[in-house]
Amino acid sequence: MRHITSTGRFGRGLLAVTAAAASATAAIGLAASPAAATPTNTTAPRPGDACTTADLGTRHPYIKMTEVTPEITHFKGWYVTQGSTGYQSVTTSTQTTISVSVGLNGNVQGSFAVETLGTVGASLGLNVQVNYSSTSSESNTVTWNFSRPGYYGVYKGTKKVTGTYGSLNCNRVQQGTGGWALQWIVGPGSGSFTTYTTLEEGAVRCEDTVPANSIMAKAKGLLDCGSPAAKAKHPAGAVAPTAKQTQDRLAQRPAPTSGTSAEQHKATGRSAQAALTCEPGAYKIDVPGKPLNWSAPLLANDGIRLRESTFFSAHLDNWRLCNVTENNGVLEASLWNWGNGGCATVPANIANQEQAYLTTAACGEDDLQRFYIYRDVPGSSKIGLQNKYTGSMMGHDRYADAELIRQYSSGRQDGTGTYTLTGV
């Protein structure tokens, strides 16, 4: 049997915010062609900028760190003799593969991932890929006009862009005067990204002078110009890879992975049903100013839907906040449903999907069941909710009875991810 105890710690915070609402309980959601992010002036919010209640259920990326390094994706050692100059088509070998990714999953899904890469491109002044794509899908034949004899490295290359990002969320912040305001803050969510710029191709000789830290310099380094292979005379055409070329190629191969982050999460299994310490009181999670609110499912294969509270709601519309913590003004809690005894969760098998639906399951020690709660200024009970594991915001596609509550990576920009936590 689930053990539930109560504590008054939360009552001094959120209960005070919703006291006015509590008295009115009767007033009752690849491999497509790679696209590039063109550098533009960005209007993305910055930490400390003002936000509104409609932003409580949204988020934006905040780029913490970036690194740009030249990478050779395809390479071939090629010898040109005196009689073999001119245009030649060289079939290169894959040297390294760069795939675009944002966050835990090995792909790019949802508006938040695209916005993250677009923000990276704008901040660096680079055209970077913003759809899931891989350099291994690019043609590896290079046609080049060899004007002089010599030992060439024929290559394709790009600039690999990596870094880390944070989540900008709207939350209440106390001002120096003692008042409160809504501001964009650096929220708890974070992750890493990898993308790359447009591929370039060319040929370089040991004798050529090239810019430092350029793609061409990287290709010249693969020639290993001091090696016997570089100094020896060869017949026209392909040259066997040097030891350095082979070593670098093996070192650049990505480590194998087994499934998406959500699949790996599922494989670990859930812990036994957890004991919860819940705050006093119960709440309805309302659509502001309208009668529909979050209602837990009766059937295990259904999701949390917008419903109107009636005599027959059987407490499925009542939620308690459990195992509550607070960090820098942001609450973290499990949402326990009074009606079916489960905790709100994103199903593990679809957690990596944009618009995955929210449901309930047996409560456990599971980040899929933990939610960050962003609050309006005191006196208002409006909130936004974010899943801890996926980083996505909760919302609904349209206001309608039986509409599912879903996760949206950037939230619902029309304000439909802002709810009211009404004390019962």
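The torsion about the S-S bond of Cys 206 and Cys 225 is about -95 degrees, so this disulfide is left-handed. In the predicted model, the sulfur atoms of Cys 206 and Cys 225 are 2.2 Å apart. Cys 206 is located in the loop between strand E11 (200-205) and helix H4 (215-223), and Cys 225 in the loop between H4 and helix H5 (228-231), so the bond ties together parts that are 19 residues apart in sequence. Cys 206 is partly exposed, its relative accessible area being 22%. Cys 225 also counts as partly exposed, at 28% relative accessibility.

The structure contains four disulfides. One of them joins Cys 51 to Cys 170, with an S to S distance of 2.1 Å. This link is right-handed, with 85 degrees about the S-S bond of Cys 51 and Cys 170. Cys 51 lies in the loop between strand E2 (36-37) and strand E3 (59-80), while Cys 170 belongs to strand E9 (residues 150-174), so the pair connects parts that are 119 residues apart in sequence. Both Cys 51 and Cys 170 are buried.

A further disulfide is formed by Cys 278 and Cys 322, whose sulfur atoms are 1.9 Å apart. The torsion about the S-S bond of Cys 278 and Cys 322 is about 90 degrees, so the disulfide is right-handed. Cys 278 is part of strand E13 (residues 276-278) and Cys 322 of strand E17 (residues 319-327), so the pair ties together parts that are 44 residues apart in sequence. Cys 278 and Cys 322 are both buried.

When the bonded cysteines of the protein chain are numbered in sequence order, the pairing reads 1-2, 3-4, 5-6, 7-8.

Terms used: Residues are numbered from 1 along each chain as its sequence is written. This is a predicted model: local features need pLDDT of at least 70, side-chain atom pairs count only at pLDDT 80 or more; totals for chains, interfaces and linings use all residues. Side-chain values use heavy atoms; hydrogens and water are left out. A disulfide is a pair of cysteine sulfur atoms within 2.5 Å. Helices (H or I, at least four residues) and strands (E, at least two) are DSSP runs, numbered from the N terminus. Buried means under 20% relative accessible area, exposed over 50%, partly exposed in between (1.4 Å probe, protein chains only).
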